[in-house]
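User: I am new to this structure and would like to work through it in questions and answers. Please take the steps slowly and end each answer on what I asked for.

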Amino acid sequence: MQSGEKGGSVFQNRPFSQYGEAFCAGPSQLIYTERVKHMEDQILLTMRNVCKAFPGVRALENAQITLRKGEIHALMGENGAGKSTLIKVLTGVYQFDSGEIRIQGINEPVINRSTLEAQKNGIATVYQEINLCPNLSVAENLFIGREPKSRLGLIDWRTMNKRAKKIMDDLDIDVDVTLTLENYSLAVQQMIAIARAVDMDCRILILDEPTSSLDDGEVAKLFKLMLRLKEEGVGIIFITHFLEQVYMVCDRITVLRNGRFVGEYGVGEMPRVKLVAAMLGKDFDDLASIKPEGGAASSEEVVVEAKGLSHKGKIKPFDFIIRKGEVVGVTGLLGSGRSEMVRCIYGADRAQTGTLKMKGRELKAKAPIDSIKAGMGFLPDDRKADGLIGDLSVRENIILAMQAREGIFKTLPPSKQNELADKFIEMLRIKTASRETPVSQLSGGNQQKVILARWLCTHPDFLILDEPTRGIDVGTKTEFQKLILKFASEGMSVVFISSEIEEMLRTCSRMCVMRDGAKVDEIEGDMTQNSVMAAIAGGEAK
Amino acid sequence: MNRLRGVTKKALFLPLICLVLVLLLNMIKDPGFFSIAINNGVLYGRLIDILNRGSEIAILAVGQTLVVAASAGTDISVGSVMSLSACFCSVLLAGYGVNSTDTFRMPMLAGMLSGVFVGGVCGAVNGSLVSKLKIQPMIATLILFTAARAVGLLLCNNQITYLRYEPYKYLGNFIPGCPVPTPIFVAAAVISAAFLVLRKTSLGLYIQSVGINNRAARLLGINSARICFLCYVICGLCAGIAGIVASSRIYSADSNNIGLYYELDAILAVALGGNSLGGGKFNMAASVVGAYTIQAINTTLLALGISTDQAPVVKAIIVVVIVTIQSPVFRAWVLSRTGRNRKAIKEGAGA
Amino acid sequence: MKRVSINSNTVLLLITIGLFAAMYAAGCVIYADKGFSHFQTFLNVLITNAGLICVACGMTCVMLTGGIDISVGSLIAMDCMILAYSMGVKGYPCVPMLVFVLAIGLVFGLVQGFLVAYMEIQPFIVTMAGMFFARGMTAVISTAQLSITQQSNPQYYAWANAKIELPAFLGYMNNKGAVIVPFIRPTVVIALAVVAIIFLVLRYTKFGRSLYAVGGSESSAKMMGLDVRRTKLKAYVLSSFLCSIGGICYSLNTMAGAVQQAKGFEMEAIASSVIGGTLLTGGVGNVIGSLFGVLINGTINTLVITNGKLLSSWANIATAALLCFFIILQSVFALIKERKK
């Protein structure tokens with residue numbers, strides 16, 4: 001399944017039919033009206049007036065959601081809208097302050113004190129972060145806690161492996177169930193996590209951004225699975241940032257904003273613009289083209305020039321050039337080497353061959369610090385693992401890169417630190433209780449802004465943004481795009497990577513295309529979604 | 001003390017309370033606890049005793065705090081390294097296989113510095129294992145925990161070497177004419193050096209970044225491996241200094257007993273200071289307060305007439321009480337009991 | 001069904017076993033004249049280390065969850081002291097006292113486990129407190145060295161000196177021409193039974209797999225509906241309980257109680273587990289490895305003793321060197337694994 005039959009691209013904003021036959025049968029609204037009507041009044045779950053406060057933040061204020069039998073229900077909202085909190089309250093990860101949860105077939109209000117209790121009440125969850133144990137085998141990950149037992153009460157490994165194999169075969173996932181999970185890619189691990197939830201006989205399945213690490217073929221498989229479960233009467237709460245996916249599989253949408261319930265809509269009655277407006281709480285210009293007409297004329301001054309850079313086993317030698325004030329996109333399928341390419345330029349992974357010139361001078365980066373000193377900045381794609389220093393405050397996170405460049409002996413005076421932090425909190429509109437708040441308490445989009453601020457601090461000539469908009473809401477995404485163009489107009493050169501092709505079309509003047517660890521093409525000028533996708537997919541476009 | 005608290009705000013509150021409680025207990029039991037007298041030209045008194053005897057633990061706690069913060073693990077070899085550096089020093093000064101001596105084969109200071117240097121080397125070994133080979137700190141330092149003392153024994157030919165040379169005793173006892181025990185000065189010097197470095201450089205911020213998210217720290221320009229390595233070297237040097245002080249106290253190199261169980265006290269000091277053994281954020285002042293709290297407990301128990309063998313029982317109970325009070329879970333539980341969330345509990349009971 | 005392909009953990013286990021065999025064979029060749037090659041020498045290693053085997057099994061379980069238990073050495077000292085005092089001085093019957101000691105292990109583990117699992121205090125600190133407590137209690141009972149003699153408790157004495165003879169063909173002829181039949185003590189049977197039971201528990205019970213899951217990823221284990229806290233609690237109870245069994249074995253070997261007994265035992269147990277392939281970060285390891293870890297440790301000691309001229313600190317240095325070897329090996333394997341990704 002790794003690479004075999006995925007047809008199109010990873011990008012989510014694409015014509016409907018490209019997702020494969022499963023969805024060509026008809027728009028989901030149709031399914032909703034015709035087939036699911038009889039389930040209409042069978043309400044599986046209601047959450048009413050749910051409130052939950054964290055120190056300094058009111059995460060949920062009278063939030064609510066109603067889930068019916070056999071429906072796929074999108075839970076939408078900006079970052080910090082309270083989607084994840086609501087889910088965690090439902091599944092017993094957090095205790096809520098007040099409110100009521102009712103589940104069909106249980107006469108009393110339900111309070112789940114642990115995930116275990118939630119599972120007993122028929123609620124299964126697949127979280128954004130993969131919650132499986134890497135050191136256990138695939139089969140164990142599927143069955144842990146409910147292993148098949150032999151007559152002696154001992155775990156029956158043979159039966160377990162056999163059943164696991166069957167589950168995986170049913171879902172078309174090709175793995176050796178006896179191998180440990182760490183042998184498989186994140187995408188496969190995600191599929192296994194879903195398989196586990198599916199096999200738990202749940203009535204309510206919660207998918208919290210399951211698609212963010214899946215590629216196209218896998219997304220199609222997942223949707224197929226979701227539709228099948230829906231027919232079996234399972235209620236699915238689906239959280240995603242991809243609007244396209246919502247319109248593809250969902251029946252209803254609940255929108256949250258700032259922890260409050262905004263409204264519940266049928267997918268048919270809710271055009272995209274209205275949905276975005278509901279999420280943002282303001283009229284929205286439909287992600288209109290924010291690219292200045294004609295594009296900023298970039299100068300001829302070359303900022304970075306790479307020749308024959310390569311990283312052993314991960315990326316083949318490539319050339320790369322970027323001029324002052326230019327925004328260059330790097331695109332390609334998941335795993336095509338786009339992240340590896342920019343990591344190689346930045347010096348996060350040391351290049352084995354080739355030369356890199358920064359503003360005409362050769363740069364031999366032994367560690368990231370050398371690149372920073374030369375004027376580079378790098379926002380990594382995995383902000384949790386590679387970006388944030390979670391327990392440190394917003395201020396410290398912002399000044400860190402600058403401090404690292406200044407060196408250990410030249411401590412920035414506190415007044416200067418405060419000044420910088422305040423400046424960027426205001427400029428990027430970072431939502432935080434104070435500059436001394438630990439950055440881990442911020443929502444995803446705001447965390448991403450903090451990391452961006454960290455690099456803006458150092459006034460880089462060359463900034464690499466690897467998926468800065470992943471897992472953040474539409475409003476912030478647009479904000480990011482506008483910022484990128486603003487920086488470029490001020491003379492910064494930016495490399496921008498995004499899984500959403502539209503985003504790059506709006507911001508980039510040129511795009512490098514990666515395929516299988518090699519740079520295969522560079523497109524410029526007349527770029528359209530179709531031309532870029534053709535280039536990514538390869539074949540006749542070349 | 002007020003100024004100290006002003007600097008570190010809330011983080012120091014609990015460790016200080018613990019220390020004050022222990023001291024208060026002493027005062028109730030023995031009103032003369034705080035009295036300080038001058039006898040034979042030197043200071044005597046329980047407080048002086050605590051400060052004096054607590055020196056080694058405080059010195060070790062300084063190094064241990066950095067190690068814990070940077071690598072999310074503990075250096076359990078410090079006690080053994082203390083012993084090794086003392087033995088190495090005595091072998092240099094007295095010669096191999098010498099049982100007792102009053103003349104040194106080389107300048108005393110050079111010998112002592114070499115001892116400290118050996119501590120630094122041990123730290124470097126631990127540091128490379130942890131930072132370069134990515135070995136879990138406790139396991140990496142388990143190697144020297146086992147080996148260092150054994151090597152010290154070999155160096156001393158399995159016997160206790162006595163260094164009966166008057167100036168050698170100065171470091172661990174008194175310098176003639178000065179009423180204050182020398183170890184207090186040594187500890188004060190090490191602690192202030194640590195504070196100076198943390199205040200004047202960004203080492204503290206770097207260490208915390210590395211401790212919280214190693215990969216991110218590297219990507220934003222911090223040499224994570226080098227910072228981690230540096231912490232272990234500092235910790236080793238601290239152990240070396242503590243070893244020489246301990247050896248000077250008893251003017252001998254008693255390989256089997258110098259630094260015995262000190263690693264536990266050093267780690268305990270860090271934890272009593274409220275620092276997470278999971279690494280990341282740390283508070284040096286709190287660790288130092290923790291170190292003297294431990295010594296205060298030790299001295300108190302001795303003063304109460306509890307034998308050294310039995311004292312650990314009380315120490316264990318105190319440790320459990322203190323860490324339980326500091327435990328966030330326990331605090332949350334107490335809060336919920338004191339009525340703030342009574343409603344939630346009622347609801348919970350109803351469901 | 002395809003069997004699990006050989007992974008790095010299996011290789012490590014094989015290396016451990018191979019090293020033990022090599023070391024033992026080397027000993028047989030070098031010290032052939034001192035009778036090292038006799039089967040009894042091997043059995044003696046088992047007999048002396050019966051207690052450590054039990055403790056290492058418990059330690060492995062705790063380490064699997066990502067925790068550590070450094071109270072075991074002191075707990076053994078306390079167990080031995082209780083047994084020596086009650087039977088040697090007071091002359092109490094042995095069966096109730098053995099049950100009492102086991103019960104103490106359970107309670108001890110419950111307290112430690114509660115503090116670690118439910119109060120979320122770091123295991124190192126909790127078990128360090130346990131270590132102080134047990135060692136101190138030993139001194140509270142008695143600071144003298146007590147012993148159990150045939151007069152004070154004949155039953156216990158008989159158990160301690162019981163020989164379980166093995167088939168004679170495993171023995172050897174001494175220089176007088178008599179066949180010396182190899183034997184083991186009951187403690188060896190206890191220790192091996194513990195290894196077998198824990199092996200089964202780890203592989204074939206929900207609790208055993210939960211230990212691995214908790215060590216692999218605590219938050220995931222919680223999300224998958226496992227009761228992480230109870231699993232941890234059980235691990236510490238198991239460790240202390242096995243430690244008490246180990247204490248009884250130790251007591252049967254020494255028939256004595258003293259404050260300084262079993263000093264440094266916790267580190268030996270940890271070292272054995274690590275040599276046997278257990279990772280301190282949790283999630284990886286098994287008791288068979290730990291058993292061989294103990295045997296390697298014991299063989300080193302026996303080699304140094306057999307030599308007769310070496311200082312005992314050489315045994316420590318050799319253990320440290322081995323530890324170093326295995327640790328570096330583990331990290332090399334980990335690096336290779338990472339590079340593959």
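User: Which residues of chain B does C:Leu323 touch, not counting residues up to four places away in sequence?
Analyst: In this predicted model, C:Leu323 is one of the residues with the most contacts inside the largest nonpolar core. Within chain C, C:Leu323 touches C:Ala271, C:Val274 and C:Ile275.

User: Which helix gives the most to the side of chain B that touches chain C?
Analyst: The contact between these chains takes 38 residues from chain B and 36 residues from chain C. On the chain B side, the elements giving two or more residues include helix H13 (262–272), helix H15 (311–326) and helix H16 (328–337), together with helix H7 (137–155). By class this side has 27 nonpolar, 8 polar and 3 charged residues. The element that gives the most, with 12 residues, is H7(B).

User: Which strands of chain A are the edge strands of the open sheet?
Analyst: The open sheet of chain A is formed by 6 strands in the order S5-S6-S7-S3-S8-S9, with mixed pairing, and the twist from one strand to the next averages 20°. An edge strand pairs on one side only, which applies to strand S5 (123–126) and strand S9 (260–266).

User: Which residue is the bridge partner of A:Ile204 in S7(A)?
Analyst: In chain A, strand S6 (residues 204–208) and strand S7 (residues 235–239) pair in the parallel sense over 5 bridges. Within this pairing, the bridge partner of A:Ile204 is A:Gly235.

User: At about what angle to S7(A) does helix H7 of chain A run?
Analyst: Helix H2 (residues 83–90) of chain A lies across strands S3, S5, S6, S7 and S8, running at about 145° to S6(A). Helix H7 (residues 216–231) of chain A lies across S3, S6 and S7, and its angle to S7(A) is about 150°.

User: Which residue in the turn between S10(A) and S11(A) has a positive phi?
Analyst: Strand S10 (residues 302–311) and strand S11 (residues 315–323) of chain A pair in the antiparallel sense over 6 bridges, and A:Glu305 stands opposite A:Ile321 in S11(A). The two strands form a hairpin with 3 residues between them, and the residue in the turn with a positive phi, about 75°, is A:Gly313.

User: Over which stretches of chain A is the pLDDT below 50?
Analyst: Chain A averages a pLDDT of 81, and 86% of its residues score at least 70. Where pLDDT is low, the predicted coordinates should not be read in detail. One such stretch has 59 contacts beyond four places in sequence, and another has 12 contacts beyond near neighbours in sequence. The stretches are residues 1–37 and residues 283–290.

Definitions and conventions: Residues numbered from 1 in each chain as written. Chains lettered and ligands numbered in written order. Predicted model: local features only at pLDDT ≥ 70, side-chain atom pairs only at ≥ 80, totals over all residues. pLDDT = per-residue confidence, 0-100. Contact = placed C-beta atoms within 7 Å. Pairing = 2+ DSSP bridges. Helix = DSSP H or I, 4+ residues; strand = E, 2+ residues; numbered from the N terminus. Axes fitted to C-alpha atoms, helices over the stretch in contact; angles between N-to-C directions. Core = buried A, V, L, I, M, F, W, Y, C linked by C-beta atoms within 7 Å. Buried ≥ 20, exposed ≤ 12 C-beta atoms within 10 Å, placed from the backbone. Nonpolar A, V, L, I, M, F, W, Y, C, P; charged D, E, K, R; others polar.
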